[in-house]
Amino acid sequence: MDCRTRHPTGAVAILMATALVGCQSYQPRPLELAAYRQAWQRRDVTDASVAAFAEQLEAREGVELEHFDPTDGLSLAEAEVVALWFNPDLRVARRRANVAEAGQREAGWWEDPELNVDALRVLESVSEPWILGGGVSLTVPLSGRLAVERDQAAARWDLARWEAAVAEWRLRVALREAWLHWSAQQRQAELLDRYVDRVGTIAEAAESLVEAGELSTVEARVLRLELARRRIEHRQVEAEVERLQLDLLATLGLVPDAPVKLEPALEVADVQPRGERRRAALLNHPELRRAEATYALAEQNLHREIRRQYPDLTIGPRYSHEEGQSRLGVGAGLPLPLWNRNRQGIAEAEAEREQARVEAEAAIEALTARLAQLEHRRREARTRREALRREVAPVAEAQMREVEQLIELGELEILLWQDALTRDLEVRQALLDAALDEALAASTLRELVQPRLSLPHRDTTRESSR
């Protein structure tokens, strides 16, 4: 649209000033990492905000959490609340979702009018050589693309929400797995500590027998080597316990030296539902819902690309004053979709939609396979643990009782005692490994078919105002 007048008018200046007043102004916000680091070091799991978040989780998930009281140590359930509140990766994922939420809240506005100002001078010698003018261009979206853009932004926001939900689900799984590994290592350290103490007692008795000439130095050396080897193994396990605890504190979003006591747990989770209902429950898994949201966004992208092939109308008034004569009219422009018609954009959007469909189908296959693998792993670990408990553990316990009876009768066989202790340790370690495998499989299985999610809330106030 073109508006021309011989002299600049105050209306143009007023229009520009009015438009600029409504614009936002830039406010810098420096990144203060030193201050954040100090705040991070002061982070406290007993803060009221964490307790309030625990209450929100209880109400949102419909699950009664145990009394949230981190002052006496963090249980696994309490640690999960802390991780969901403080974990840095999850906080980043949620902020990333906020970007999409902000975009969908402000999507679909009309294009701003465009103000044009012209200054022309007639080169010939005339009485009025200057022609000054201004114009305003307004685009009328006849194609309907603005509604599609709003739907597209909403689909992008849904995808961002499910991506944040996937990040939360993975955090829960990773935290439980890390907690179970740490708990098992603590139990392993306790077993080795008990074994080292008992072998140390045998080694002292063996030295006395060597001095009395009742035991060869070869047999005593075997005990010393076994004691030294197990002490090294015990130190390695204790170092692994400390490393795993540092990993847990990082997952919780706490500093490495946070004054927090973690309570070990090797619980075996109950998994509901069962059978075919369990496989059907996979349809609510966040990774599959994210795949569905990806496909929905691809649909909206294609819809928008198709809408872009239809023209939008450009219209506006024209006014000019030239050589003492004023002119008033209306100008309009309309692109003609003859050759381009957004062929490339439509073709790429169709291919991306097909890719999203295949990815969603692959996701349901992968989840079903994962479910079967976890069910097999849990059954195998339970069978192994029950076999050890019924068939192996009683034999090892009987052997220990017989050796202790011989000791009470004064018939001390050093190597027999050491062998019984070793067998007892190996059986206990095998039971611990089986219990850990079962707990890991059950925990991941439960999170697979019973995912607990805290989706960001959709703000539709801006949409409803249009």
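Modeller: The largest cavity holds about 60 Å³ of space. A cavity is a set of points on a 1 Å grid over the protein atoms alone where a 1.4 Å probe fits but cannot get out; its volume is the space filled by probe spheres set on the points, which are joined across faces, edges and corners. This is a predicted model, where local features need pLDDT of at least 70, side-chain atom pairs count only at pLDDT 80 or more, and totals for chains, interfaces and linings use all residues. Residues are numbered from 1 along each chain as its sequence is written, and side-chain values use heavy atoms, leaving out hydrogens and water.

Colleague: How many cavities of 30 Å³ or more are there?
Modeller: The structure has 2 of them.

Colleague: Which residues line the largest one?
Modeller: Leu 191, Arg 194, Tyr 195, Arg 198, Leu 421, Asp 424, Leu 425 and Arg 428 do, where lining means having an atom within 4 Å of a point. The elements giving two or more residues to that lining are α6 (145-211) and α11 (414-449); helices are DSSP runs of H or I with at least four residues, strands are runs of E with at least two, and both are numbered from the N terminus.

Colleague: New topic: where is Arg 341?
Modeller: Arg 341 sits in the loop between β5 (325-333) and α10 (343-408). Its phi is near 50°, a positive value in a residue other than glycine.

Colleague: And is Asn 342 buried or exposed?
Modeller: Asn 342 counts as buried, at 15% relative accessibility (buried is under 20% relative accessible area, exposed over 50%, partly exposed in between, with a 1.4 Å probe and protein chains only).

How values were computed:
On a 1 Å grid over the protein atoms alone, a cavity is a set of points where a 1.4 Å probe fits but cannot get out, and a pocket is an open set with protein on both sides within 12 Å along at least five of seven lines; lining residues have an atom within 4 Å of a point.
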